[in-house]
Amino acid sequence: MIHKSLLKWFGIFLVATAFNSCKKDKPKEDTNIPPVATGAFNLLFKNTVGDSALVLETSEYKNANGDTFTISTFNYYISNVKLIADDNSVYTESESYHLLSAFNDNTLKIPLKNVPFKKYISISFMIGVDSVKNVTGIQGGDLDPAKGMFWNWNTGYIMAKFEGYSSKSPEVDKTVLYHVGGFSGSNSVLKTVGLDFPTAMTVSETESPKLKVKADVLEWFTSPQNISFSSLYVIHAPGADAKKMADNFADMFSIITN
Amino acid sequence: MKAKNKIAALMMVLSLTLFFFQCSKDPQIPSPQVTGVTFTVPQGWPQPVYNFEENTLTDAGFNLGRRLFYEKKLSRDGSISCGSCHQQFAAFANAAHARSHGIDRQFGKRNAPALFNLNWQTSFMWDGGINHITVQPLAPINDSLEMDGNMNDVIAFLSADASYRKMFKETFGDEAVTTQRVLKSFAQFLGALVSSNSKYDRIQRGEAGYAFTADEEIGKSIFNQRCASCHAPPLFSNFSYRNIGLEPNVSLQDSGRMRISESVQDMHSYKMPSLRNVEVSSPYMHDGRFKTLDKAIDYHINKPYYMSNVDPVILNGQALSVDEIQSIISFLNTLTDNTFIHDTRFSDPLYK
């Protein structure tokens, strides 16, 4: 008796398992693709003023126009990070939005995860936050408006922010304040940066490359347009001045080896 | 015996409490917790712009948003809530305040608009500077003339309050208070403010016992000819920006839509307001310059102040007679939604 009912249950179990595994097999596409082996690729940013490391508040610098200044805030967004491999395939970081701030060195390190084992030859990223995230409402993480990089009265992210002091500034308190933003149409300040690696960088089981990228503040104030702090000392909305500044800082990034 | 007495006394207290509790079910006294919150697109209306994407409407989320809307402690000195400027009996406009009174009794630049059917709006504020309902509350919370707060203080306050932590847990699964969660909750309340039960709506739906009076009919037909191209039904606005020829108040230094678009074409243009509930949302226009509807319509249509970009429909339109204006007002009064302005689900949950 016991034997029989056990068998019966075993039978039911078998049938159930069969059905179960049928269900699991459904997404057929997945089954043939071997799992891609992936590793890490570390992106390290270094803020500089010319060739020296950026020091907030205490250090005095000079722009191309000859105006001296100090820096109190230096923040910018990097988004849509991509690595291009020597076989032209592209690694795209998911949810790729990073706020880099001179206040916090940890924000300058971006560990890229799940990077396929390959030989990479270049990197691209956007300076700023792409338009999608500017029009789809409240975001979290580095895109949290409480991070101070968001305009409440004219929706949109401040893509890059420079604040400091210069004796040349006509403001009473000598501030220089550039809040650069604008994501739509002719007001867009979004810039995509592409940097070729001096030598290819391989991600493999044993290799997790480190790429050092410098961000040079001085580039904000020269080429294509020289900036004089006595004539342009405040930007706090999208528009022509913000675009001018973005054209300047578009080339502030370069790869460094030390 | 003593124990029995104690029990009896306890029973008395209990039944009394229950009795009072039942009294509080009176429709005039708002229920602290709302259940069964839904959002449905009224018959014949277009699809909304926002339909709680990535922010599914729930009772818990709505109740949290509702409490936040009436929370004075979100302001710097604990004196002002959203509900201070947006009053339900005025369809969530600021009754009797031309320009809203903010913190330290300071005046803002603009009139607090009525709030309803916000899920159909593509932009917010008179100049349309805000592009999404889930980021709108950041503006008043941070504005130095309104609540003069900031999200870090708001988050600190909410995280320190056990009853709020409980509500965040009910809504989001854990107690963490983040900017995103606060704003999603606000959007649950704001988006649920649907006004679609005016006499006009009931007639549109063919409900028994509702019909326009002769005067309302006359007003409706003038409205359709002269107003509906801009104040388009069923929302009674197409939410675009126009300069309608209100003489600029120079002291306010308000360029309207131009502040956002930076185009001189938009100088002194403002987002056209919905005319639903306009009977109760006085004062009128972006700076609240008119207290009464007849004056608002008279200046709006009959006395435009010349500026090069005043809308030609307004500039070249025929004058309306006093009688015509009265008929239009009769029609506009059919857009008053008494169900909405008395709906206790939308009133202050802690009001005593």
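Guide: Let us begin with a helix of chain B. Helix α2 (residues 59-69) of chain B has nine of its eleven residues buried, so it is largely enclosed by the rest of the structure. Helices (H or I, at least four residues) and strands (E, at least two) are DSSP runs, numbered from the N terminus. The model is a predicted one, in which local features need pLDDT of at least 70 and side-chain atom pairs count only at pLDDT 80 or more, while totals for chains, interfaces and linings use all residues. Residues are numbered from 1 along each chain as its sequence is written, chains are lettered from A in the order in which they are written, and side-chain values use heavy atoms, without hydrogens and water.

Visitor: Which residues of α2(B) are buried, and what covers them?

Guide: They are Gly61(B), Phe62(B), Asn63(B), Leu64(B), Gly65(B), Arg66(B), Arg67(B), Leu68(B) and Phe69(B). Their cover includes α3 (82-85), α5 (151-159), α6 (162-172) and α7 (179-192) of chain B.

Visitor: Why is Asn277(B) called buried?

Guide: Buried means under 20% relative accessible area, exposed over 50%, and partly exposed in between (1.4 Å probe, protein chains only). Asn277(B) has a relative accessible area of 0%, and therefore counts as buried. This residue is found in the loop between β2 (270-271) and α11 (293-302) of chain B.

Visitor: What makes the pairing of Asn277(B) and Ser195(B) a polar contact?

Guide: A polar contact is a pair of N or O atoms within 3.5 Å; within protein, one must be able to donate a hydrogen and the other to accept it, and residues adjacent in sequence count only if both atoms are side-chain atoms. The side chains of Asn277(B) and Ser195(B) are joined at 3.2 Å, as a polar contact. The side chain of Asn277(B) also reaches the backbone nitrogen of Asp337(B), at 2.8 Å.

Visitor: How do you know that Cys82(B) is in no disulfide?

Guide: The structure holds zero disulfides over all chains. For Cys82(B), the nearest cysteine sulfur is that of Cys85(B), 8.7 Å away, whereas a disulfide is a pair of cysteine sulfur atoms within 2.5 Å. Cys227(B) is likewise in no disulfide, with the sulfur of Cys230(B) nearest at 8.9 Å.

Visitor: Why is the pair Lys118(A) and Asp87(A) called a salt bridge?

Guide: A salt bridge is a side-chain nitrogen of Lys or Arg within 4 Å of a carboxyl oxygen of Asp or Glu. The distance from N to O in this pair is 3.1 Å, and the two side chains meet in a salt bridge. Lys118(A) lies in the loop between β7 (109-116) and β8 (119-127) of chain A and Asp87(A) in the loop between β4 (68-85) and β5 (90-92) of chain A, so the pair ties together parts that are 31 residues apart in sequence.

Visitor: What makes Asp87(A) partly exposed?

Guide: Asp87(A) has a relative accessible area of 44%, and so counts as partly exposed. Lys118(A), at 28%, is partly exposed too.

Visitor: How many salt bridges are there between chain A and chain B?

Guide: The count between these chains is zero.

Methods
Contact = heavy atoms within 4.5 Å.
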